[in-house]
Structure formats: structure tokens, C-alpha cells
Amino acid sequence: MLEKKLGAMEFLRKEDSDKIFDDLMNVKGADIGDKEVSLDEIRMVARDMLVKEMRRHAGDGLGRVDYALSSGGAKVVRHSEPFIIGKVRHWFRKISPTTVYRDSEKMLKPSFGQPDQCFPLKGDSGFVQIRLGKTIIPEAITLEHVDKAVVHDRSNAPKNCKVYGWHQGYDADIAVETRKMFLLADFSYDLEKSNAQTFNVLDLVGSSLVDTIRLDFTSNHGNTDHTCIYRLRVHGHEPTSISMTQS
């Protein structure tokens, strides 16, 4: 009876009607197919499905340009030891500590709310260094993790974080990086808030120019094995020729 009613709703895809049927079975029992179900009950389940999908596919719905987007020219240039299982882990330890693991680019792409579409770093502390697609005057940082509607255990989310920035230019000297580095933001990622959380840069940053940023996290939400970075975004605006000259 219920399956026929759902099938008659031509605006529903088959996979959507199957999902509604399964959800109603979980709520009202396995024999629901023989029971009368009101349209209000169907609407309630469909509404919940829609809300979850909207949260999962919010993606770039912040309305702000992301200068740490890989398709915009940004790239990961350094990171702490990745969390890798098996032989590949031993391979990574044998090579240079400045080597960038190929999956690190996941942090610079939309994950569309999918679980495991992240870059895992070993332990509950570590860092990620990103060369932005352009030189900018930074305004805010957005850190994204998977939504609580998708997974139950989010203990691998980073917690206490600091983001530094500087203008690297063409200088590849690591010592120069340390000398130029200044604090952009100091924040804690809150699991009870939105999965994509935006933090404004400190007022002291002013109109400083940045083409490289570094995220340092000193803790996560309880996972001692690894910490997952789903996406890191950097917002700001491109400087005028005058501000470039004055910096």
C-alpha cells in the first residue's frame, strides 16, 4: 500500500522513494507496507532527507572566494606525517620530510559532505602549509569537517588551531618562512556548530600581504591515532597595485 503511494508520486526518483520507505520502516515497523500511512508522515521523512542532503552538499555555499582552492592554483607544500596504514607508511618515512603526499590535495577541494574525503595526519597534533593561488590581503579562515548528520564519531576533527601567514614570494628558504611568519587566527573548532566554521583574521593583520599560510593544530576531539582535515579555505581580497608597492 505504501509502496504504491510512493510510486504514484512522479516527482520522486526511485531511490528517493525507496529511502523514504526504508526510513518509515525503521520508525513504524517492518510490516508498514500493509499499513495506511498519511501524507504528513511521508512529507516529514522527505523533509528530513532534504535537510540532510542540503547540509551534505552545501559545499561552497559561503558566498566567499576561496584562495586555497586547488583548481585556483593553490597547492600543499608541506605537512606533518600523514596517517597511513601498511607498507606505504614505511615508504613515506624513508623519503625527505618535505615530501608532499599526493592525497593532501583533498584539503583544497570540496568534499561535498562525504565521509573519508579528507587528508588524515598522524596523531592529535600537526600542521599543513599551503601556497595560495594568488597573493591576497587575508580576511578569514574556514575549517571544514564532516557533518554530524553523516557520521557519529567525529573525534578526529581538529580542535585548537592557529593559522599563520606570510608572503613567501620566490624565496624557498625555510628560515625565511619562520622570520616572515605572523599569526592570522587563533581558534577552536566546535563540534556542536556548523561543519564549515569561519574565523576572522586578527585586527593586527591589517592589510598585510599573504601568499602562504600554515595551519597548526595542537589537539583534536579525542582521537589519539589521527586527525582529519576535510577542507581548509582562505578568504580575502586581492590587493591593488598601490598596496603591493607599499608592502
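Tyr101 is buried, with a relative accessible area of 10%. Buried means under 20% relative accessible area, exposed over 50%, and partly exposed in between, with a 1.4 Å probe and protein chains only. The model is predicted: local features need pLDDT of at least 70, side-chain atom pairs count only at pLDDT 80 or more, and totals for chains, interfaces and linings use all residues. Residues are numbered from 1 along each chain as its sequence is written, and side-chain values use heavy atoms, with hydrogens and water left out.

**Aromatic pairs**

- The whole structure holds two aromatic pairs. Rings of Phe, Tyr and Trp (its six-membered ring) pair if their centres lie within 6.5 Å; planes under 30 degrees apart count as stacked, over 60 as edge-to-face and the rest as tilted.
- Tyr101 and Phe119 are stacked, at 6.2 Å centre to centre and 25° between the planes.
- This pair links distant parts of the chain, 18 residues apart: Tyr101 lies in the loop between helix H4 (87-94) and strand S2 (119-122), and Phe119 lies in strand S2. Helices (H or I, at least four residues) and strands (E, at least two) are DSSP runs, numbered from the N terminus.
- Phe119 has 1% relative accessibility, so it counts as buried.
- Phe187 and Phe199 are also stacked, at 3.9 Å centre to centre and 10° between the planes.
- Phe187 belongs to strand S5 (residues 182-188) and Phe199 to strand S6 (residues 196-200); the pair links distant parts of the chain, twelve residues apart.
- Phe187 is buried at 7% relative accessibility. Phe199 is buried too, with a relative accessible area of 17%.

**Strand S7 and its partners**

- Strand S7 (residues 210-217) has eight of its eight residues buried, so the rest of the structure largely encloses it.
- Strand S3 (residues 126-144) runs antiparallel to S7, joined by seven bridges. Two strands pair if DSSP finds at least two bridges between them.
- Ile136 has Val210 in S7 as its bridge partner.
- Strand S4 (residues 160-166) is also antiparallel to S7, with six bridges.
- Cys161 has Phe217 in S7 as its bridge partner.

**Charge over a ring**

- Arg214 places its charged end over the ring of Phe127, 3.9 Å from the ring centre. The rule asks for NZ of Lys or CZ of Arg within 6 Å of the ring centre and within 35 degrees of the ring normal.

**Cysteines**

- The disulfide count is zero, where a disulfide is a pair of cysteine sulfur atoms within 2.5 Å.
- Cys118 is buried at 5% relative accessibility.
- Cys228 is buried, with 5% relative accessibility.
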